[in-house]
There are 2 protein chains.
Amino acid sequence: MENYKESFKRFLEIQEEMKNIGDAQGVLYWDMATIMPSKGVERRSEVVGYLSQLMYKLETGKEYQDLVFGLYEHLEEMNDKEKAMVKAAKKSLDFMKKIPEEEYLEYSKLVASGETYWAEAREKNDYESFKPILEKIVYFNKKIAGYIGYEKTPYDALLDMYEPGATVEEIDGVFKELRDGLLVLLKKIGESAVEIDSSILKGEYAIEPQKKYNTELAKRLGYDFERGAIAESAHPFSTNFGNKDVRITTAYSKEDPVTAMYSTIHETGHAIYEQNIPDDITKTNIGGGVSMGIHESQSRYYENILGRGKEFIETEYLNMVSAFEGLKNYSPEDIYKAINKVEPSLIRIDADELTYSLHIIIRYEIEKMLINGEVNFDELPQIWADKYTEYLGVTPESYAKGVLQDVHWSGGMIGYFPSYALGNLYGAQMLYKGMLRDLPNYYELIREGKVSEITKWLADHVHSHGGTYEPKVLIEKITGEPLNAKYFLQYLEEKYSKIYGF
Amino acid sequence: MENYKESFKRFLEIQEEMKNIGDAQGVLYWDMATIMPSKGVERRSEVVGYLSQLMYKLETGKEYQDLVFGLYEHLEEMNDKEKAMVKAAKKSLDFMKKIPEEEYLEYSKLVASGETYWAEAREKNDYESFKPILEKIVYFNKKIAGYIGYEKTPYDALLDMYEPGATVEEIDGVFKELRDGLLVLLKKIGESAVEIDSSILKGEYAIEPQKKYNTELAKRLGYDFERGAIAESAHPFSTNFGNKDVRITTAYSKEDPVTAMYSTIHETGHAIYEQNIPDDITKTNIGGGVSMGIHESQSRYYENILGRGKEFIETEYLNMVSAFEGLKNYSPEDIYKAINKVEPSLIRIDADELTYSLHIIIRYEIEKMLINGEVNFDELPQIWADKYTEYLGVTPESYAKGVLQDVHWSGGMIGYFPSYALGNLYGAQMLYKGMLRDLPNYYELIREGKVSEITKWLADHVHSHGGTYEPKVLIEKITGEPLNAKYFLQYLEEKYSKIYGF
């Protein structure tokens with residue numbers, strides 16, 4: 001079919017043009033979050049908005065539309081990667097065509113500046129200044145859900161943007177199993193006589209040595225600094241402009257070097273995924289992680305399953321105590337327990353591995369309410385506080401430690417939070433039904449500092465596919481079965497029963 | 001003339017679109033020079049090249065061309081700012097139309113990645129790796145000069161890009177007067193019995209306190225950090241994305257805090273110029289410094305006339321010794337003399353105020369030879385070394401301290417160097433025929449730390465005009481006469497006769 005090959009070539013050219021604009025936007029966002037001065041925000045949002053407009057014109061232009069819809073008729077003749085590209089292009093195009101250009105541009109500008117307003121509001125504990133921005137963002141997301149369309153509930157439309165194919169019905173089910181399992185474990189831990197002193201991790205630690213340690217840590221995990229850089233930002237994130245410029249940020253604290261350490265491991269997990277995307281797809285629409293959930297499975301695998309694992313901490317111990325002198329009064333076992341202490345708390349990103357998913361379930365429930373129009377924005381902080389009291393037994397006394405703690409909504413990301421919990425589930429399933437199956441010496445590799453061999457397994461089974469296979473297909477390809485919450489609960493049970501002796 | 005107003009409105013809209021692309025490119029360059037990982041360079045040059053292509057299409061599009069050439073017929077009806085905008089647009093358009101699109105894009109990509117290659121080559125003292133890049137850049141500049149056209153010599157065409165209206169004939173004359181005057185002064189200093197120990201400025205100084213000091217120093221000079229940021233790069237520079245995001249970089253050394261200090265003052269001078277551009281022109285083609293020479297007049301005024309002046313150093317003394325303990329063994333007078341020691345040397349950016357212009361004259365002569373095709377690139381390092389031996393009596397023993405020391409050529413800037421010397425001349429003329437005339441308490445203001453009042457004078461007389469008046473018009477507007485080298489020589493004579501007692 002000569003025709004399809006010709007069209008496909010032109011399709012790839014326009015894809016590359018779109019990637020050029022997208023990468024430029026990516027750098028503008030990175031710059032905004034890491035170094036841009038406060039008064040630059042208005043102008044920056046104009047520039048980002050303009051690029052969005054160019055992207056919109058390119059994507060909705062007649063030539064590209066004709067190519068995409070034409071190629072869509074030839075799916076059977078294509079290989080998996082080509083198929084995925086055309087399907088993703090069509091999905092995005094369907095999305096674009098449903099949203100009026102003007103509204104799309106207005107929304108792009110709004111979310112381009114949202115993070116800066118949020119950071120200011122959080123710093124000043126000022127919900128009122130952020131409220132109108134958030135209202136607008138929710139308003140647009142509701143409209144967007146309406147434009148996209150959904151079968152059962154508008155939140156489905158948003159979920160699908162981050163985790164293709166996921167639905168409220170399905171997530172409600174999975175999260176119920178997860179929550180019930182977590183509550184059982186939490187109860188057992190509450191009844192345990194084991195007392196863990198996590199204050200041993202705190203102390204006075206200058207920022208510069210932390211930067212040095214985190215840089216070396218990322219290197220040890222396999223992050224390539226010839227294709228990466230670390231900076232600081234209010235909320236840690238990773239971003240990339242192709243597979244040869246993949247960056248992460250960390251937020252340091254003078255009292256607590258361990259939070260920054262695990263944030264770095266988390267973002268490094270995201271970054272290694274993007275650095276391992278093959279060259280042949282890096283400039284296409286499948287040249288990145290396939291979904292937010294699979295992305296989080298990687299970051300959370302590195303952060304928790306690997307990074308908070310006994311073997312890793314025992315191996316990393318010498319590096320930790322050499323960078324953070326105060327820790328050398330404690331054994332690897334002390335530090336392992338302190339790092340894994342379970343304690344319901346207010347801040348998601350500081351939460352332990354077990355209660356973390358309850359933070360996500362709270363946000364998931366609030367997001368559904370927001371999108372269903374069931375929230376009065378004046379009452380949102382109270383709704384947030386009430387849910388924390390109910391689920392975790394703790395109540396925020398400030399907006400900064402409550403509803404203003406996360407960056408996501410300020411960037412327009414509603415429907416993203418579930419990805420974190422899905423990531424936990426995917427990761428544990430990959431561990432039990434993949435890594436432990438294929439790497440019989442898995443724990444030895446970690447003890448010997450050979451994380452690179454584990455990374456290679458992930459590169460082969462997850463990273464190298466980019467966006468070729470939808471999450472559902474991918475997880476079954478890797479583990480031989482569909483997503484199942486039991487592996488994560490099994491993993492937690494095995495880990496915490498040893499720590500808390502139940 | 002309703003018609004012209006309507007057209008002008010649309011003209012401004014397209015100008016703003018161009019500024020959007022330009023600002024995005026600016027951020028991409030900034031990012032590349034300050035934090036981008038080495039392997040990102042190829043992809044980055046693709047993205048920058050793509051944006052150049054968009055800019056090219058916008059500027060050479062029929063609508064914009066019709067507007068510009070149409071408006072050009074109505075110049076007499078316009079105010080000064082409107083006139084300047086249309087004239088600048090036409091000049092740029094004439095330039096664009098003369099250069100074939102493909103060559104322009106190829107060149108844009110080349111210079112987008114040039115700085116990264118140069119930085120690597122300089123670090124490794126590897127001229128061979130940079131030679132082919134430089135050859136290509138010179139080749140393109142010769143072609144560009146040919147496309148633009150010139151009356152007497154191709155270098156005129158390049159000069160005009162940085163200093164509109166300047167010619168080799170004129171610069172040859174001015175530089176001859178300057179060089180003769182400098183050599184006379186240099187001879188007197190050589191014969192002086194005064195010995196100055198500049199080694200007192202060296203020592204061991206950690207980077208972090210230097211960063212803190214330089215940040216506070218920039219603030220004291222009037223640089224607004226709500227609209228600015230400082231980072232590090234191999235070669236210090238300033239850049240801006242409108243008037244509300246104006247940034248500078250500095251390169252620190254652990255042995256020498258004073259070089260970074262004066263580099264910061266220099267770049268702050270550029271930045272204050274851009275921060276003072278009025279809002280009503282910031283998104284137009286006159287929304288920036290009018291020429292490189294006038295820009296350098298500002299940076300070099302702050303760096304030398306103000307910053308290396310006796311009054312400033314006496315006032316800054318307490319801040320300096322509190323940041324750099326080693327300096328407190330010396331008096332303000334010792335430090336003033338050490339900072340102003342005249343000593344022919346190899347590195348332009350480390351040169352003293354007096355010999356500095358000889359570094360420029362060397363580059364000016366070499367650039368003319370390059371553009372006239374009189375240089376074999378294998379011999380370029382030797383030509384460079386010979387000129388240093390001849391003019392300054394010093395001979396570089398490495399490429400890094402010779403021909404590879406400057407970033408400019410790697411970014412395609414041939415014809416820029418003369419601006420530095422012109423900046424010296426403009427600055428001294430503004431001092432004698434402007435500031436000292438209008439601010440009778442000029443030296444008192446500096447002694448009292450009221451630099452802001454001097455900055456206000458510069459804002460009123462120079463900055464606020466943006467690109468409204470060509471350098472020749474502007475200098476006459478400010479000082480009542482055309483550019484004259486005698487003021488700079490007079491300034492140097494007054495300053496150095498006191499230091500060296502002649």
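Predicted model: local features only at pLDDT ≥ 70, side-chain atom pairs only at ≥ 80, totals over all residues.
Which residues does E481(B) touch, not counting residues up to four places away in sequence? Residues are numbered from 1 along each chain as its sequence is written, chains are lettered from A in the order in which they are written, and side-chain values use heavy atoms, with hydrogens and water left out.

**View 1. Surroundings of E481(B).** Beyond that sequence range, E481(B) touches Q429(B), K433(B), I475(B), E476(B) and Y487(B) (contact: heavy atoms within 4.5 Å). The side chains of E481(B) and Y487(B) are joined by a polar contact of 2.8 Å (a pair of N or O atoms within 3.5 Å; within protein, one must be able to donate a hydrogen and the other to accept it, and residues adjacent in sequence count only if both atoms are side-chain atoms). E481(B) counts as buried because its relative accessibility is 18%, the limit being under 20% relative accessible area with a 1.4 Å probe, protein chains only.

**View 2. Contact between chain B and chain A.** Here 38 residues of chain B are in contact with 38 residues of chain A. By class, the chain B side that touches chain A has 18 nonpolar, 4 polar and 16 charged residues.

**View 3. A salt bridge between K39(A) and E226(B).** The closest N and O atoms of this pair are 3.0 Å apart (salt bridge: a side-chain nitrogen of Lys or Arg within 4 Å of a carboxyl oxygen of Asp or Glu). Across the interface of chain B and chain A, the rule finds 10 salt bridges.

Conventions:
Nonpolar A, V, L, I, M, F, W, Y, C, P; charged D, E, K, R; others polar. Buried < 20%, exposed > 50% of the residue type's maximum accessible area, 1.4 Å probe, protein only.
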